[in-house]
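Look at the sequence and the model first, then work through the points.

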Amino acid sequence: MEPILSVTDLSVRISGLHILQGVSFTVAPTGVTVLLGRNGVGKTTTLRAILGLTPPAGEVRGTIRMGAQSLLSRPTHRLVRGGLGYVPEDRDVFAGLTVAENLRLAERRGTTPAYDKVFALFPELDRRGRQRAGSLSGGQQQMLAIGRVLLNDNRLLLVDEPTKGLAPKVVTEVAEVLERVAESVPVLLVEQNLAVVRRLAKDAVVLAAGKVAWTGDAGELLLETALTKSLLGVGSAEVAH
Amino acid sequence: MGTVILLALTGLGLAALYFLVASGLSLVFGLADVLNFAHGLFLGVGAYGTWWAAGNLPGAGPDGFGFVLAVAFGVAAGTLVAILVELVLIRPLYSRTIEQVLVTVGLSLAGVALLQATWGADARPFPRPDWTRQVTGILGAQVPNGGLLLIIAAVLVLGAILAFLRWTRYGLVIRAGVENREMVTALGIDVRKAFTLVFAIGGAAAALAGALGGVYFGTVSPGQGGSLLIFAFIVVVIGGMGSVVGSAYAAVVVGLVQQFVNYYGTSGLGDICVVGLLAVVLLLRPQGIAGKVATA
């Protein structure tokens, strides 16, 4: 099957730091592809480069293609309208706006927003429509951040650490939702929680020091204790949980 | 008692003038991170546009509907200049702060020089309806109608901007953009259109301030925009970058402090007190009354 996304020889320099150094990988057209690595290896930088969110002072080289379309140098809003959904690392909900306004902002002109789907997955967002997003709990904000991208039809979702800082029960809920979402749209996921990775991911790309250190089946990676320890800095206990 | 009422209402008139200039300045800075030193130029264009239209535009004049038409012309001219400044000069320089400052400072100086070269450096009498030269008795105070007109206009502009921000799609985009511009683009929204829009809104409000400031002061001069801009910046910082309501509160505080201190103290002391107030706010509440935190 043709990959939905191909990243070839991607290099990103920001403020003199060579953060990504010739990264190449593909994202399968179905299921979850997980981007793994220790802190600071360039996972979020990779997602942001795909989305055209590298700071203006930064320099991006290489090729990023979604299907036949080249993504580099296209403005972010056009990439998103073209079907690239983004759930950022720290949720980035608009704290001063209500839940309903956050969702309304994500509506795209010319399409019918899928409120039914979003409220079926997250009934709480419907109930808390008038509440300011800044007063929601971390888990509720994460639901809102995911809900925003699910309002529209996307060709690929970029999801950055959706379980970061959440309570275990909420982590399970978020993983369940992503599992259901991935049945209809491919996901490129950055995730540190290996239990979530084990549950969701089909393919894995591991970054180390700004380069691709390993690619392959996510399940196989997690079975290789020595490999996960050397690449991710975690042992069998963390993988098992 | 009459003096206090008079000072309060003339202070509020001054506050209204500051608010009209500061509201756009605040929105532009809050959304686009542009410190627009050329904002005073929009005020000057509005003032001179109204002045010119009252004498030359068919149907326009210093009275009645003719005056409304002259003000509308001035506001349209100020808005157009603001849009052109954003599209031609600011848009290529987003995220290049130093270049923005240089361009807007240069533009403000060039704008004043252009107005001086065209209509001279001296203040010119401003065409205004007779009733704005008269006074209205309020609780024993004889309050100039020009000041009351400014207060009413500022309240209407505040209401219109708030309604726009609250009830329209672009208002929602602007409110969200003031919080997190990058995330707005990551939702598929071309935030640059909102930049142009806030420049247009700011330009229109400043041009209206120019036209009504001419009524308030009775004259128009090339440097008027620049001197008002200094206090408008103070209002924006005290009110909080990006907050229109904060600008309204701050404008009231600055206008009243200036008026009362200048009257009961020494002339000019009010201006110093306002700068002192700015320093206190920056030390104790750097984000201002209602704005986002200004960071280095």
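This is a predicted model: local features need pLDDT of at least 70, side-chain atom pairs count only at pLDDT 80 or more; totals for chains, interfaces and linings use all residues.

Chain A holds an open sheet of six strands. For chain B, an unreviewed UniProt entry lists transmembrane regions.

**The sheet of chain A**

- The strand order is S6-S7-S8-S3-S9-S10, and the pairing is mixed.
- Strand S6 (84–87) and strand S10 (211–217) of chain A stand at the edges. Each has a single partner strand, so one side of each is left without a neighbour in the sheet.
- Neighbouring strands of this sheet are turned by 15 degrees against each other on average, direction ignored.
- Strands of a sheet pair through backbone hydrogen bonds, and the sense can be parallel or antiparallel.
- S6(A) pairs with strand S7 (residues 156–160) of chain A in the parallel sense, over four bridges. A:Tyr86 stands opposite A:Leu158 in S7(A).

**Strand S3 of chain A**

- How many of the five residues of S3(A) are buried? Five of the five are, so S3(A) is largely enclosed by the rest of the structure.
- Both faces of S3(A) are covered. A:Val32, A:Val34 and A:Leu36 lie on one side, with A:Thr33 and A:Leu35 on the other.
- S3(A) pairs with S8(A) in the parallel sense over four bridges. The bridge partner of A:Thr33 in S8(A) is A:Leu188.
- S3(A) also runs parallel to S9(A), and five bridges join them. Here A:Leu36 has A:Val206 of S9(A) as its bridge partner.
- Helix H1 (residues 43–50) of chain A lies across S3, S7, S8 and S9 of chain A. This helix runs at about 145 degrees to S7(A).

**Transmembrane regions of chain B**

- UniProt's unreviewed entry lists several spans as "transmembrane region", including residues 6–27 and 263–284 of chain B.
- Residues 6–27 of chain B are 100% helix and 0% strand, with end C-alpha atoms 31 Å apart.
- Residues 263–284 of chain B are 82% helix and 0% strand, with end C-alpha atoms 28 Å apart.

**Helix H4 of chain B**

- Helix H4 (residues 97–119) of chain B has 23 residues. At 1.5 Å a residue they should span 33 Å, and the end C-alpha atoms are 33 Å apart, which agrees.
- The buried residues of H4(B) include B:Val103, B:Leu107, B:Gly111 and B:Leu115.
- An α-helix has 3.6 residues a turn, so residues three or four places apart point the same way.
- Helices H2 (39–56), H3 (64–90) and H9 (224–239) of chain B are among the elements that cover the buried residues of H4(B).
- B:Gly120 follows H4(B), and its phi is positive, near 90 degrees.

- Helix H1 (residues 2–32) and helix H6 (residues 169–179) of chain B have axes that come within 7 Å and cross at roughly 65 degrees.
- B:Leu27, B:Gly30 and B:Leu31 of H1(B) meet B:Ile174, B:Gly177 and B:Val178 of H6(B). These residues divide into four nonpolar, two polar and no charged.
- The contact between the chains takes 15 residues from chain B and 20 residues from chain A.
- Which elements give two or more residues to the side of chain B that touches chain A? They are H6 and helix H7 (181–185) of chain B.
- H6(B) gives the most to that side, with five residues.
- By class, the side of chain B that touches chain A has seven nonpolar, four polar and four charged residues.

Methods. Residues are numbered from 1 along each chain as its sequence is written. Chains are lettered from A and ligands numbered from 1 in the order in which they are written. UniProt positions are given in the numbering used here, feature names are shortened, and annotations may be inferred rather than shown by experiment. Axes are lines fitted to C-alpha atoms, for helices over the stretch in contact, and angles run from 0 to 180 degrees between N-to-C directions. Two residues are in contact if their C-beta atoms, placed from the backbone, lie within 7 Å. Ala, Val, Leu, Ile, Met, Phe, Trp, Tyr, Cys and Pro count as nonpolar, Asp, Glu, Lys and Arg as charged, and the others, Gly among them, as polar. The expected span of a helix is 1.5 Å times one less than its number of residues. A residue is buried if 20 or more other C-beta atoms lie within 10 Å of its own, exposed if 12 or fewer, and partly exposed in between; C-beta atoms are placed from the backbone. Two strands pair if DSSP finds at least two bridges between them.
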